[in-house]
Amino acid sequence: MHPAAASTLAPDWLHRTWEATVLAALPRAVYLHAGAWTDVLCILDADALRLPNSVLVPSVGIGRGEPLALGLRAGDRVKVDAGRIDLPSGVVECRRTFRPAAIALGVGLGIDPTALGELAQRLKPGLPGMTAAAHEVVAAASEVAATSEVATEDMAGAAGVIAAEDKAATAGELELRRLIGELVGCGPGLTPTGDDVLAGVLLGLRAAGLVRAAAALADAIAARLRKTTSLSAALLQAAAGGWCIPEVRDACFSLRAGNPDDSFALLSRIGHSSGHDLATGFLAVLPQNPQLGAHTHLHPGALLAEAINLTTHTNERTLHV
Amino acid sequence: MSDFVEVRSGAYFDSVSLMQVSQTVKGTVGISDALIGMGTPLNLELMSATGFTVSAQAGPNDLVVALRGEDEVALSNGRDSLDAALSALRSAASHSADLTAASPALTIGSAVRRAEANLAVISVPGEYAPMDTLDAIRAACSVMLFSDNVDIAAEVELKDAAAAADVLVMGPDCGTAIVNGAALGFANQVRGGRFGVVAASGTGAQQVMCLLEAAGEGVSHVLGTGGRDLSAEVGGRSAAQALKALAADESTEHVIVVSKPADPGVLADLKALVTELGVPVTWAALGPGLPDLTTAVEEALRSAAGAVPEWPRKLTHPAARASGPLRGLFCGGTLADEAMVIAADALGPIPSNIPLAGAPQISGQARDEAGGAGHQVIDFGADEMTQGRAHPMIDPSLRLERIRSEARTAGVLLLDLVLGYGSHPDPAPDVADAIRDARSLASETGRELPVVVSVIGAAGDPQGLEHTVSTLHAAGASVFSSNAGAVHHALELLGQRVANGSGEQSAERPAPSTGQTSGDPSGEVAASESAGAGSAGVVDELPLRGLLTTEPVVVAAGVSLFAEALAEQAVPVTEVPWQPPLGDAAALRRVLADPRRTEANATALGRMLAAGAELVALRPASECLGLQRGEFLHAGPPLGWERASGPMRGALAGAVVFEGLAESLDEAEAKLAAGKFTLAPCHSRDTVGPMAGVVSPSMWMFELRDPVHDNTAYCSLNEGLGKVLRYGANNDEVLTRLQWMREILGPVLAAAVGAHGPVDIKAYISQMVQMGDEGHNRNRSATLMFLRDLTPYMVAAGGHDPKDVAEVCRFVGANDHFALNLVMPACKLATLAAKDVPGSTLVTTMARNGTDFGIQVSGTGDAWFTGPAQVADGLFLGSFGPEDANPDIGDSAITETAGMGGFAMAAAPAIVRLVGGDVPFALQTTRRMYEITLGEHPMHQIPILEFRGIPMGIDATQVLRTGVLPQINTGMAGRVAGVGQVGAGLVNPPAECFTEAVQALAERCQ
């Protein structure tokens, strides 16, 4: 039996009695899927990248214990019962909840543009044209935010917006959707390059405190989640809420501390090109904001004048064993 | 052109694997196009555009493979390679990617760095606790310091160091914490919520968190400060850091500070801080005249706009009026305090083994006859009660005995029972039995004994709260979730009523006990604004390096119990196999606390790594060392003839004859015994010599120079194997060879070097390490590199008989150890560069003279620290055995001092055939040496360790802390002079060299 920690973003069915399907059986992880398109649960061992929609099993890792995926193939069915997951390699039992890494609102304020520029130069996105595409998306999302009458003030609600129905679209919204349409699902990987770039933009907008733009973008992406893999859709949804993997959060902190080299090292650890794709999206936001820069002394509250009240307890579920 | 398109349902592969597969397939001969990716509409479009026909069934969760080949054969090959690649991925998942087992981290600091831990839980004996805590702090890791018996001066030092590093020290004597959902030490499984707790008391914190849970709330974090933190001397250092961190924490809306009464000055400072931070705080300070903990929690709930419930309780009816004294038997000291504070109002000062001010002190051990008929409150967790036994929360037997024996005297029995991690797995049945027995004993004498128990627990605790409560209730006890409630009930049973702590009393008293410290209406907004400001204005860094927002990754030393509890909660935890350090703890502590040390070591190491080594010339010792007639150098620390071993004596006598200072060996020995000649260590002249290492004035020396630091080091020329001077042989054969070396070898090599120019020996070392040689007992590659470089110059130099040149080439080529005498002075140059850095604990010399083993350390200059040389443990040549071996001899340990030899064993696993051991041992040895060194050499890389640099810069303090002694691979000389080499093996320096060195360093600390 393996004690495990469940993320607050784990799908609801983890806590009920359910049967899930194995999406992937990987050396360091098992991905399960059940229910909605985006309800993916990643069971990760000690050495896997810490995806936000996950259950962590620290007692299994390199040189320790049988791999979680032992005896599993994609398509197998796995029983889940109130936090207990029955894997052939052993039962995984959730004992604790944790909140995944997140990009804090406004954390991008005040990053020295030189550091941003240095990092941007070294990035190698998975497909050509991503940098330009990211900038277009940022511009379109900002425009929608500026002109839209429906201001989303509740950041937590942005994640909820993803489930919202299509409203009658303005021209700006249509343009944004068109751009998104060319990115979601674009690229061969499990998390296609286009998706990673969009996730990066979502996180970048949050880092810059541009909540309305982030909400507009999330809205446009929501309509297209079916056009990409379940895993990537789940990660996009998480990114809309500011949730990410620790390497991305730490890369952001390294930028703040003026260490683009550390940032680069962290981002390069992520997948084949995912880290670079994420960063491409992220960086497309920051230098563009004229109010940001090394010399700004703006009170963060000024940018958050859209009255954000961070209610971090909504949508959380604390495990009570 | 033929196409192949396939849709594989649910075949998820991570992107790196997919890339590998794609590349493999694309690389197949005859494949002109290969598109492999998930079936998203965009990818499908791309495939269509390339002319592939893909089934409409393909969806984004499916893997789509589209191959185009020149012909069917190529296509078939492509499919084969695809299948092979995919099944290779699948089978990779079915066995763990196991690398050779890594050596465990042996110190807290090393474990923290490896695991990237953010919290160290330390429970080692109090005299050692400060140095391990400091180790964690220096590795930028917060500490939960469970150890007690840490003196207050050390506590202040540690907390200052922690503040400077922006980490938190919880403790000393801190047994309870909750960080980011992980329960540490004695803590309850409470739900997450919006209350943060700063606690100078463990059980106090547990009472608070359990009440919050019962009220439907939860805790964000519980940060311990240690019991003395709020005293004048410690000044609330940890409390201040904890408050700042909680103020900035998004999930914390309200803070409760639990303590005994704090120093007023400290309290005032903290309140000012809290006002600045703008976070609402309730001060739950327990003490006479102050509200109890339950009241404080109620106040906190009210000010946080939470609901104050009826605190759960289960009464036994009828509750008979009791007669007789109150007997409180507690496990939690704070709970006992609370009982005394409340009861004192009604019953006067209560005698106790931890009495409040003005109350009588009694012993907890006293039997009731001696204890008298009066009221009593006993803390079974106090020091006098826990001598030689575990804390009562773990081992309840003493208290159970007392419950039974109180049956005759007690009027009301008042108990606490604390559940949660770390406590006894199921205490209720035994306590219930004791209660039952006590009550039935009492009823035999015709009276009822009411028992009141406060159960401090949460629904999620491993013991089972409901089970505990009902078991106790069934035994006849009244059970309370609030300790204060239990005390009040007990007093009621005695016919006493005490005003219920809150309302009236706090109205009389000035505000201090409850701090709504920012203006009331804006209280909550202030909280969220500051929470917002805390995150949005993340300003420089998250407080405490993000301890409260990051997943806890823990390193533990000395507390298996807690480590297990953490593993049970799925918290990654690494246990450090801690052992008490060697030598004098006080001296070690002083040296570790020396403010110069870190930088001094960094400087010394930096110089060591930067040092170069070039062979620039060969000259007789009389010229380059100024060695006078009658002066001799020898290996190892200073030595007199009387104490010299066989090989050393033989070598010295031989050298005397060689210099023409005696006609025969006997005469030579007599003169040596009579003190006619001067003996000095080679090291005293920046020289090194292998084995006996005897240097005389007419011997030619390699002269090596470090161009970076402008140092020069010297070494004699290697005579070869068999009967040689350095093994103590001194017959005619030896002397003849020495003469040839003086007349021919030296001058020929000197001329060649002169013509060639400086020979880069440091470069040889980099290469030899990648060629399976470690530079002490395996030197063939460097020998041949040297021969390769110099032969053309030897031949071209002219001025020598070609036969002599040929003989020189043959001589060098036949001696696999020839380059040892180049590697040794190169290593000497590295250590010379690191010499004389005040405060540095880096070892600059390790050397043996056949009798003593001596070391020198950078911070103590030329001072030698010696101990007896050991006999190596290894493999013997021919029919020799251990009794034939001389104790360790030679300056060749300079190679280990500079990261070669035994330290680089992983680069030369073949050596195990010579010195014993097996290949895994060779790898583990190098890995273990990383634990006692300051760094690695970026230029000398070991391939099998994925080009990790050799371990450089032995730290004397690390040797003592880990108990790991430097590993030396060495040849063994025969005890009897002239026998020669008898074997080779593994040897360590004696520990006293290092304990003495650290003692000397301690004396030099300010």
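Is Q941(B) buried, partly exposed or exposed, and what is its relative accessibility? In this predicted model, Q941(B) counts as partly exposed because its relative accessibility is 26%, and buried would require a value under 20% whereas exposed would require one over 50%. The residue belongs to strand 34 of chain B, which covers residues 933-942. Leaving out residues up to four places away in sequence, Q941(B) touches V769(B) and Q770(B) as well as F947(B), R948(B) and G949(B). Of these, V769(B) stands 172 residues away along the chain, yet the C-alpha atoms of Q941(B) and V769(B) are separated by 6.8 Å.

**The two chains**

**Nonpolar cores**

The largest nonpolar core holds 100 residues, and the members that touch the most other members are M170(B), L184(B), L243(B), L270(B) and L414(B). Helix 11 of chain B, residues 333-347, supplies the largest share of this core, with eight residues. The core also draws at least three residues from domain 2 (105-173 + 553-580) of chain B and at least three from domain 3 (313-511) of chain B. Around M170(B), once its neighbours within four places in sequence are set aside, the contacts are L119(B), V143(B), M144(B), L145(B), A177(B), V179(B), L223(B) and G224(B). Apart from this core lies another, of 97 residues, which includes A655(B), V734(B), M741(B) and F818(B).

**Two helix pairs**

Two packed helices are described by the angle between their axes and by the distance between those axes. In chain B, helix 5 (residues 129-138) and helix 6 (residues 152-165) pack at an angle of about 5°, and their axes are 10 Å apart. Angles under 35 degrees count as roughly parallel, and helix 5 of chain B and helix 6 of chain B are therefore roughly parallel to each other. On the side of helix 5 of chain B the contact is made by P130(B), T133(B), L134(B) and I137(B), which meet A154(B), L158(B), A161(B), A162(B) and A165(B) of helix 6 of chain B. The residues of this contact divide into eight nonpolar, one polar and no charged.

In chain A, helix 8 (residues 246-256) and helix 9 (residues 260-268) pack at an angle of about 170°, with their axes 7 Å apart. Angles over 145 degrees count as roughly antiparallel, and helix 8 of chain A and helix 9 of chain A are therefore roughly antiparallel to each other. Here E247(A), D250(A), A251(A), S254(A) and L255(A) from helix 8 of chain A meet P260(A), D262(A), S263(A), L266(A) and L267(A) from helix 9 of chain A. The residues of this contact divide into five nonpolar, two polar and three charged.

The peptide bond that runs from G171(B) to P172(B) is cis, with omega near 0°. P172(B) lies in the loop between strand 6 (169-170) and strand 7 (176-179) of chain B.

E116(B) counts as exposed because its relative accessibility is 59%. D836(B) is likewise not a glycine and has a positive phi of about 60°, and its place is the loop between helix 29 (820-833) and strand 29 (843-849) of chain B.

S470(B) is found in helix 15 of chain B, which spans residues 465-474, and is partly exposed, with a relative accessible area of 35%. The C-alpha atoms of S470(B) and A428(B) are separated by 9.1 Å, while the two residues are 42 residues apart along the chain.

Notes. Residues are numbered from 1 along each chain as its sequence is written. Chains are lettered from A and ligands numbered from 1 in the order in which they are written. This is a predicted model: local features need pLDDT of at least 70, side-chain atom pairs count only at pLDDT 80 or more; totals for chains, interfaces and linings use all residues. Side-chain values use heavy atoms; hydrogens and water are left out. A nonpolar core is a set of buried Ala, Val, Leu, Ile, Met, Phe, Trp, Tyr and Cys residues joined through side-chain atoms within 4.5 Å. Buried means under 20% relative accessible area, exposed over 50%, partly exposed in between (1.4 Å probe, protein chains only). Helices (H or I, at least four residues) and strands (E, at least two) are DSSP runs, numbered from the N terminus. Domain bounds come from an automatic or database domain assignment. Contact means heavy atoms within 4.5 Å. Axes are lines fitted to C-alpha atoms, for helices over the stretch in contact, and angles run from 0 to 180 degrees between N-to-C directions. Angles under 35 degrees count as roughly parallel, over 145 as roughly antiparallel, 65 to 115 as roughly perpendicular and the rest as oblique. Ala, Val, Leu, Ile, Met, Phe, Trp, Tyr, Cys and Pro count as nonpolar, Asp, Glu, Lys and Arg as charged, and the others, Gly among them, as polar.
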